[in-house]
Amino acid sequence: MRIVWQLLTVVLIAMIGGQIVGAVEDNPWLQLVFGLLTSVLAVLAYGWVVRRTEHRPSTEVAREGAVPALARGLLIGLALFGAVITNIFFNAHYEVHGLGSPSGAVGLIGFMAAAAVTEELMIRGVLFRIVEEFTGTWIAMVLTAVLFGAMHLLNPNASLWGAVAITIEAGGMLAAAYVATRNLWLPIGLHFGWNFAAGGIFSTEVSGNNTPQGLLDSTTSGAEWVTGGDFGPEGSLYSVVFGLLLTAAFMWLARRRGNLVPMRRADRVAAATTLPR
């Protein structure tokens, strides 16, 4: 029952927070405030429900080391998307026309923060972590990555290839970031950094969501395998390749640290979960 209570707790806050953030989308400053508030409440609620249902400290969202881990994740996410957009630019498929909407970028900070935090708590914090106890790291990674990709089929400009790309580049990568560190701060920072770079800075489509304009006034055009088409650069082959490379790096680090859970060796995951990084 713990998986049910934990999911219900986070989903409830995500739904309420999402409705409020969506209702104030015309006011970027309110969107910023309510998006950040949703993020904080979701983390606090997750920590509380984990402590109540598992009778242990919620070390994966511990305050100690949270800021450096978030910062590392943020920088990795920004750099990763920067590499993708650079390759699209040099293929002459991305063009900047000038300054876009700085206020829009402010609002996207709140929107992207709420999305990154609640999705990481649900997918990596609850589902991956608990499934891993019974199946081991690799099977849990595959199952939750497929679910994460499938969730994006609900977006307005979704495509089957876009969902597959998300499954490969993000579902695996974000789970690997959690396994390597055994805390949620790095994947949260990475998730936010990627999404904000895509929508808030470079003003490209994020997961086919009809993303509002961010800091730059830009356009993408050309072959879908390069740009990702209406789904956005997450559907670009460059995103898939770079995501796979980072996934491999995180899994190498996880193996070196002894953080991988073998199939049906659930007795070891509790110790691995509490490892400070």
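**Arg-124 and its surroundings**

Me: What does the side chain of Arg-124 make a polar contact with?
Reply: The side chain of Glu-120, at 2.6 Å. A polar contact is a pair of N or O atoms within 3.5 Å; within protein, one must be able to donate a hydrogen and the other to accept it, and residues adjacent in sequence count only if both atoms are side-chain atoms. This is a predicted model, where local features need pLDDT of at least 70, side-chain atom pairs count only at pLDDT 80 or more, and totals for chains, interfaces and linings use all residues. Residues are numbered from 1 along each chain as its sequence is written, and side-chain values use heavy atoms, leaving out hydrogens and water.

Me: Is Arg-124 buried or exposed?
Reply: Buried, with a relative accessible area of 0% (buried is under 20%, exposed over 50%, partly exposed in between; 1.4 Å probe, protein chains only).

Me: Switching to α5: which of its residues are buried?
Reply: Thr-137, Ala-140, Met-141, Thr-144, Ala-145, Phe-148 and Gly-149. They cover an arc of only 155 degrees around the axis, so they sit on the same side of α5 (the arc is that of the directions from the helix axis to the C-beta atoms).

Me: And what do they pack against?
Reply: The buried residues of α5 pack against α4, α6, α7 and α9. Helices here are DSSP runs (H or I, at least four residues), numbered from the N terminus.

Notes. Helices (H or I, at least four residues) and strands (E, at least two) are DSSP runs, numbered from the N terminus. Contact means heavy atoms within 4.5 Å.
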